[in-house]
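User: I would like to learn how to read a few features of a protein model. Please go through them one at a time.

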Amino acid sequence: MASSREIIPVGLLYSSRGPYAAIGRAAIDGALMALAEVNEDDGFPFTLKAAIRDPEGVSERYPTQAEDLARLGCRHLIGTITSSSRKDVIPVVERAGALLWYAFPYEGYETSDHVVYLGACPNQHIVPLLDHALPRFGDRPFLVGSNYIWGWEINRIAREIVAAHGAEPVGERYLAVGSTDVDHLIAAVREKRPDFVLSNLIGPSSYAFVKAYAALGAEDPAFAPSVRPILSCNLTEADTDEIGAPGAGLLSTAIYFDSLDLTENEAFQARARARFGEGRRFSSCFVSVYAAIRMLAEAIRDAGTDDPAAIKAVATGRAFSTPFGRLAIDAKTSHAAHRPHLGRVRADGSIEIIESGAAVIPADPYLVRTRLPADPVHPADPAPVRREANAAAARLRVIT
C-alpha cells in the first residue's frame, strides 16, 4: 500500500509567473505528471513528495528558495530555467551536498559535481543549427538576445562560428529580460538586411520580436521567413502557443519536438494526453523535466537510497528510456548525450521536424572537441570555396 512506502521529498524550483512564465508552467506540468506516475506505481518502494517554490522570475529569490528547500530535507532539486538562476542556485546545492537536475538548453562552459545537465549544450544546439543555416541562407546574420548570460554567450559562440566562415554578423542587439520594446531591433534588422536573424530572446521579449518581424515580412517580402528567417536555439511549443500564427516559418533546434516519431514518444504522449487532453502539445520544457523526475526515481530505486553521491553514480552508470530516446549521462562532465532536431514552426504553432542529427552527439560543454566547417558557402555560389585561414580557425577558441 502507498501509505507504507517511504516518502522522499524533492524540490521543484520553477517560475510559473514572471517574464518566462509559459516555460515554467510547462516545466511544472511535466514534473507533476512524472511524480504522479511514480507515486501510482507500486514498483517504486517509495513515493516522491514535491516541495514547490515559485520565484516568479525574480533572480534574488532563487538562492533563498533553494536554501529553503534544502532545509526541508530536499536532497534533489529539479529546477531553474535561466542560466543566471542556475548559477545562483549551484552554490546552494554544493553547500547542502544536494543535486540540481537542470533540464534546459544552456550556453556551456560549466560543470559541477552537484548538477546533472540534461539539456543540450552548444555542440548539440547552436553548432548544428548554424551548420544547417550558413550554407543555405548566407553568413551575414543579425544577432539578438536577452541581456543575460544565455544571450551573451550563445551570440559569442555564433560570432566565432561565423568568423570561421570568413564573415561576421552585421549587427547585435540585446533586450532586458521581459522587455517587449522591440521597435529598435526591427529598425536595425531592416537597415542591415541580414541573411537571417539568430534570436536568443526569451519569454515575452521573444514573442514580441517574432510578431514584429512577421509584420515586417508582411510589409516587405524581402523579410519573409523563406527569405530571411529567424533561427532559435530555445524556442519550443510552449512559446509558439503564446505567439500564434506570426511564428510560422521560424526555425528552431531542440532535443525534442511534439512531432518526434519515436515509439517511446508515442507511448509517452498517449499517457500525457490522457491526463491533459487531446489538444495539448508537449514541448522540450515539459518533456525534459518529466524525464528528470523519472530518471531520479529510477536511480533511487536502483541505489536503494536518495543519497546524491549514490544517485549520481547510478545516473552516470546506465542509460534511461525517455520520450526523446535512450539517454546517457557522461560521468566526467555530468552532461547528457543528445540527438538534435531542427524544426520549422507551422501557422498553428506546431513544429515540424525537417532535419535530425544522424546520431546521438556526446556533450562537449567546453567546445574543446568540436570542429567547425571551414568552407563558406554563399547562396549565389553553391560550390564550397576552401580558405586556408578559415581551416586554421575551424576550432572554437577556448576562453579561460
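User: Is T80 buried or exposed?

Analyst: Buried means under 20% relative accessible area, exposed means over 50%, and partly exposed lies in between (1.4 Å probe, protein chains only). T80 has a relative accessible area of 0%, so T80 is buried. This is a predicted model, in which local features need pLDDT of at least 70, side-chain atom pairs count only at pLDDT 80 or more, and totals for chains, interfaces and linings use all residues. Residues are numbered from 1 along each chain as its sequence is written, and side-chain values use heavy atoms, with hydrogens and water left out.

User: Where is T80 found, and what is its phi?

Analyst: Most residues other than glycine have a negative phi. T80 is not a glycine, yet has a positive phi of about 70 degrees. T80 is in the loop between β3 (76-79) and α3 (83-96); helices (H or I, at least four residues) and strands (E, at least two) are DSSP runs, numbered from the N terminus. R193, also not a glycine, has a positive phi of about 50 degrees. The loop that holds R193 lies between α6 (183-192) and β8 (196-200). With a relative accessible area of 34%, R193 is partly exposed.

User: How many residues does the largest nonpolar core have?

Analyst: Nonpolar side chains tend to be buried together in soluble globular proteins. A nonpolar core is a set of buried Ala, Val, Leu, Ile, Met, Phe, Trp, Tyr and Cys residues joined through side-chain atoms within 4.5 Å. Here the largest has 100 residues, and L48, I78, W101, F104, I126 and F268 have the most contacts inside it. Helix α10 (residues 284-303) gives this core its largest share, 13 residues. Another core, of 28 residues, lies apart from it and includes L185 and Y213.

User: Why is α10 described as largely enclosed?

Analyst: Because 17 of its 20 residues are buried, α10 is largely enclosed by the rest of the structure. Just after α10, G304 takes a positive phi of about 75 degrees.

User: What does the side chain of Q124 reach?

Analyst: A polar contact is a pair of N or O atoms within 3.5 Å; within protein, one must be able to donate a hydrogen and the other to accept it, and residues adjacent in sequence count only if both atoms are side-chain atoms. The side chain of Q124 reaches the backbone oxygen of A336 at 3.0 Å. A polar atom of that side chain also lies 2.9 Å from the backbone oxygen of I361. Q124 is in the loop between β5 (115-117) and α4 (126-137), and its 1% relative accessibility counts as buried.

User: How many aromatic pairs are there?

Analyst: Rings of Phe, Tyr and Trp (its six-membered ring) pair if their centres lie within 6.5 Å; planes under 30 degrees apart count as stacked, over 60 as edge-to-face and the rest as tilted. A search of the whole structure finds 15 such pairs. In one, the ring centres of F276 and F282 are 6.2 Å apart and the planes are at 70 degrees, so the pair is edge-to-face. F282 is buried at 0%, while F276 is partly exposed at 31%.
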